[in-house]
Amino acid sequence: MALNCRGWFPPRTRALDLGRRGPQTPAMPRIVFERAGEPPRELEVEEGETLRDALRARGLSPHNGRARWVNCRGLGSCGTCAVEVEGDFAPEEGTAMERWRLRFPPHRPERGLRLACQLKVCGAGGRVRKQPRLPTGPAPAQLRLATRTQ
């Protein structure tokens, strides 16, 4: 048995090549990384690898602008690695630190973002989208409400 990102169970395996004998090779998860203005990149990563570490090891960054150099280094406290994800990542609900950080500006819980430093790639992997820099001001509904009351 092997330890992966969800606990103890046998690793997934690729289809057996009937022409040769020997142990099956574990299938590696694939992620597609999309950043606005750049072509999507397909990456093969280790199962259980943190999404942030997987991207950085392959020359990509889940951060925008200066945050590539000035960030919390994977502790989940700065929120600069927020991404949209679809697919097989763990934990599914988010860590306590992640939920706490995504409640503060420029993030809002209804955006459904996740922190790349808190996610582990599992199973088949999935799709990751990094949005351009988020606005730091109040939400548009709050702006409209503020202008009406003045």
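Below are legends for a handful of close-ups of this predicted model.

**View 1. The five-stranded sheet, seen as a whole.** Here the strands line up as β4-β3-β7-β5-β6 in an open sheet, and the pairing is mixed. The edge positions go to β4 (41-44) and β6 (114-115); each has a single partner strand, so one side of each lacks a neighbour in the sheet. As a reminder, strands of a sheet pair through backbone hydrogen bonds, in either a parallel or an antiparallel sense.

**View 2. Strand β7 and its partners.** Let's zoom in on β7 (residues 120-130), which runs parallel to β3 (residues 30-35), with six bridges joining the two. To find your place in that pairing, look for I31, which sits opposite G126 of β7. Strand β5 (residues 82-90) is also joined to β7 by six bridges, but this pair runs antiparallel.

View 3. Which way do β3 and β4 pair, parallel or antiparallel? They go antiparallel, over four bridges. R30 has E44 of β4 as its bridge partner.

View 4. E84 and R129 bring their side chains together in a salt bridge, at 3.5 Å from N to O. This one links distant parts of the chain, as E84 belongs to strand β5 and R129 to strand β7, 45 residues apart. Both ends are partly exposed: E84 has a relative accessible area of 26%, and R129 has 22%.

**View 5. Strand β6 meets helix α2.** The side chains of R114 and E98 form a salt bridge with an N to O distance of 2.7 Å. Because R114 is in strand β6 and E98 in helix α2 (residues 96-101), the pair ties together parts 16 residues apart in sequence. Are these two buried or exposed? R114 and E98 are both buried. Elsewhere, salt bridges with shared partners join E34, E84, E86, R127 and R129 into one network.

**View 6. Sequence neighbours R52 and D53.** One of the eleven salt bridges in the structure is formed by R52 and D53, whose closest N and O atoms are 3.5 Å apart. What is the relative accessible area of R52? It comes to 6%, so R52 counts as buried, whereas D53 is partly exposed at 39% relative accessibility.

Technical notes:
Residues numbered from 1 in each chain as written. Predicted model: local features only at pLDDT ≥ 70, side-chain atom pairs only at ≥ 80, totals over all residues. Heavy atoms only, no water. Pairing = 2+ DSSP bridges. Salt bridge = Lys/Arg side-chain N within 4 Å of Asp/Glu carboxyl O. Buried < 20%, exposed > 50% of the residue type's maximum accessible area, 1.4 Å probe, protein only.
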